[in-house]
Amino acid sequence: MTADLRVRQFGRADAAPRAYRRRGGPPWWFALPALLFFAFVVLVPSVRGVYYAFTDWDGLDPEFDFIGLRNFTDMLDDATASQAIWHTLLIAVAITVIQNGIGLLLALGVNSAIKSRNILRVLLFAPVVVTPIVTAYLWRNLLGPDGAVNSLLAVVGLESWQQDWLGDPDLALWMVVLVVVWQFAGYSMVIFLAGLQSIPREIYEAAAIDGTGAVRRFWSIVRPLLAPAITINLMLSIIGGIKLFDQVYALTGGGPGHATDTISTLIYKDAFTLGEFGYSIALAVVLTIIIAIVSAGQYAALSRNERAAS
Amino acid sequence: MKTRRFAVVVSALTALTLAAACSSGTNARSGSDGADGKTLTLASVDQGSIEDVIKAFEAANPGVKVNFTTSGADQYQAQIRTQLASGTAPDVMTVWPGNGNPGATYVLAKPGYLLDLSDQPWAAKLPEAFKTVAQYEGKTYNAVFGLNGIGAVYNDEALARSGLKAPTTWTELLAFCRDAKGKGTPAYALGIQDNWVTQLVLYALAATVVFGPDRDFNTKLASGQATFAGSAWTQAMARYQEMEKAGCFQKNPLGTSYEASQTLAATGKTLGIVQGNWIISLLKQKNPNGTFTMTALPATDDPATFLMPAAAGAGYGVNAKAKNRDLALKFVTYVMSPAGMKLFNEKQGSLPTLPGAGTTVDPGLKELTTFVEGNRTVPFMDQLWPNAKVQQSMLSGLQEVFSNQATGDEVLKDMDTEYQKGE
């Protein structure tokens with residue numbers, strides 16, 4: 001079994017043609033068609049688009065002016081924009097922590113030897129495959145004043161807990177987080193599950209024989225071996241959280257007032273409802289910068305962590 | 001080395017083919033985009049009524065095919081602006097009257113996207129009130145076929161069951177709300193989770209409170225002689241909140257969607273709803289046996305001073321670069337003909353903008369018709385505001401008022417700030 005492990009670990013490097021190893025990987029031009037295509041459809045339009053962040057274009061009028069940094073300075077005075085940036089970061093952090101916490105617990109649960117684990121895996125993963133818009137509308141009905149959630153509270157005698165879940169500015173943001181977590185905890189679970197299943201049984205067995213408790217086993221064995229899965233999950237959920245749009249737009253439309261507006265919903269509203277394309281693209285540029293900084297920082301921290309763990 | 005060069009060549013060729021495929025795709029489109037004089041492209045927000053008009057138009061013009069899409073207003077406005085800017089817009093499209101929204105006449109006509117329709121026979125016949133909002137710099141761009149009003153719409157059956165009478169003065173209105181609440185059926189459904197709905201009660205009140213004493217308020221606003229925060233708008237805003245306090249609306253209006261508010265009013269869970277006349281056909285879809293009556297929403301104690309907000313609804317404009325200009329004009333002419341207008345208005349529940357269309361008006365709209373004929377209407381307030389941000393500040397501001405995040409005065413001040421920024 002140990003020999004088998006070693007083959008799995010080193011097999012790929014041994015099997016690679018000598019030429020590859022000498023040059024340190026496959027030749028770069030293998031990626032050229034993909035790179036050119038990417039440049040053509042994503043890179044060039046994006047870079048060209050950034051130009052509009054420095055104009056007062058309304059999205060329609062062929063005549064517009066170059067206004068330098070004014071869109072960006074306007075943003076500093078725009079209370080709605082700073083509120084939206086704050087909401088975005090809050091949502092992203094909350095989603096990342098809660099979704100991955102729940103995802104990990106679910107993964108540990110369905111990784112055990114319980115009989116119904118396959119059915120459970122399917123059920124827990126099911127929300128992930130539904131479009132966010134559909135789940136958002138579903139929850140919008142469930143959380144409505146006469147929706148299932150309030151009815152359920154009445155049935156169990158908790159009338160006093162009934163709320164206007166989406167109409168209360170203090171609750172609405174958390175309801176958005178709840179819906180996203182409900183939908184994507186299964187996604188985190190699958191990635192954690194893949195990580196857990198790559199941990200050889202023997203290690204657990206050896207630890208169990210040595211008499212280590214469940215918590216110690218998790219902390220000293222599972223956690224370090226799960227480090228790559230944790231990195232992927234945290235990266236994906238923080239980026240997903242920062243650019244959150246569909247669920248917010250369908251659940252609350254950014255309201256009540258601006259209580260749940262995120263940078264993405266503002267970008268949409270400024271561009272299409274208010275016809276302020278230049279300003280909207282400036283916001284999009286800020287969003288891109290935030291994502292780049294946060295994910296670069298996170299990647300650096302996590303990969304350091306991963307190396308330390310391995 | 002040899003293989004390497006070969007691979008580079010292959011990659012380059014792939015990229016070139018891709019680029020070529022994309023560009024030839026564009027060329028192919030412009031060449032065969034239905035410019036055969038037989039296919040009309042159309043984008044509309046008149047869901048549920050445009051379909052019949054198209055069928056009738058196709059029947060009247062054998063061999064003609066109309067390719068159309070319909071969508072909700074928000075989505076439509078985003079779509080049409082993108083299409084216009086990229087040169088892929090349809091021949092005929094929904095255009096709102098006046099200014100103040102992203103798909104409005106002034107907004108689209110100013111950069112030259114709309115065809116001048118001034119020489120069309122119906123253009124000269126439009127009543128003066130509609131001309132102002134269908135024209136930009138003296139030229140007509142919008143075929144407005146229908147007129148809409150805002151008022152209190154009652155579910156006749158629910159009202160009869162409650163034993164209450166529809167209020168005719170402001171004092172009666174507040175008493176009516178308290179009584180209705182006391183009987184367990186709130187007076188009006190309010191679905192302000194969808195933020196455009198927030199404005200309707202305010203408009204209904206402002207028509208009487210602001211424009212009753214001063215029909216020229218908009219001109220004064222435009223010339224800087226008046227402001228929202230320093231005018232009777234504060235009174236209209238206060239009355240909206242007074243209605244809320246008196247229990248006029250069901251619980252949790254902010255969590256109630258437009259759709260849900262229709263269900264409440266249609267099924268008698270509330271006695272009525274403050275909405276536009278278009279709601280009547282929607283209420284009937286949810287309760288086919290119900291009858292619904294619209295009246296002016298009382299805003300003072302003198303019914304003689306009541307005004308109703310009534311204005312041209314969205315009409316149709318022709319793309320200045322229409323591929324089938326003749327067919328597009330033919331379609332617009334049909335919409336504005338007595339037959340087309342009658343079909344459209346009856347299906348939509350609106351009133352015709354031209355006399356002699358022979359439209360059978362829903363009996364529930366009698367009072368609106370009387371107000372229109374008696375010149376006791378004012379246009380929807382936002383149609384003459386200089387930019388879309390004024391209305392947006394009001395819409396999200398009213399949601400904030402209802403969730404105690406802002407006061408009415410703050411909202412009006414924000415509206416002034418946006419108004420003063422101009423176009």
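Helices are DSSP runs of H or I of at least four residues, and strands are DSSP runs of E of at least two, both numbered from the N terminus. This is a predicted model, in which local features need pLDDT of at least 70 and side-chain atom pairs count only at pLDDT 80 or more, while totals for chains, interfaces and linings use all residues. Residues are numbered from 1 along each chain as its sequence is written, chains are lettered from A and ligands numbered from 1 in the order in which they are written, and side-chain values use heavy atoms, with hydrogens and water left out.

Select residues 258–266 of chain B, helix α11, where Tyr258(B), Ser261(B), Gln262(B), Leu264(B), Ala265(B) and Ala266(B) are buried (under 20% relative accessible area, with a 1.4 Å probe and protein chains only). These buried residues pack against β6 (146–155), β7 (188–189), β8 (272–276), α12 (279–286) and β9 (292–295) of chain B, contact being heavy atoms within 4.5 Å. Following α11(B) is Gly268(B), which has a positive phi, near 80 degrees.

Next select β6(B), where 10 of 10 residues are buried. To follow its pairings, note that two strands pair if DSSP finds at least two bridges between them. With β12 (residues 351–352) of chain B, β6(B) forms two antiparallel bridges, and Leu147(B) lies opposite Leu351(B). Strand β10 (residues 308–312) of chain B is joined to β6(B) by three bridges, also antiparallel, with Gly149(B) opposite Ala310(B).

Finally, show Tyr154(B), which stands opposite Gly272(B) in β8(B) and has Thr293(B) as its bridge partner in β9(B). The antiparallel pairing of β6(B) with β8(B) spans five bridges, and that with β9(B) has four.

Technical notes
Buried means under 20% relative accessible area, exposed over 50%, partly exposed in between (1.4 Å probe, protein chains only).
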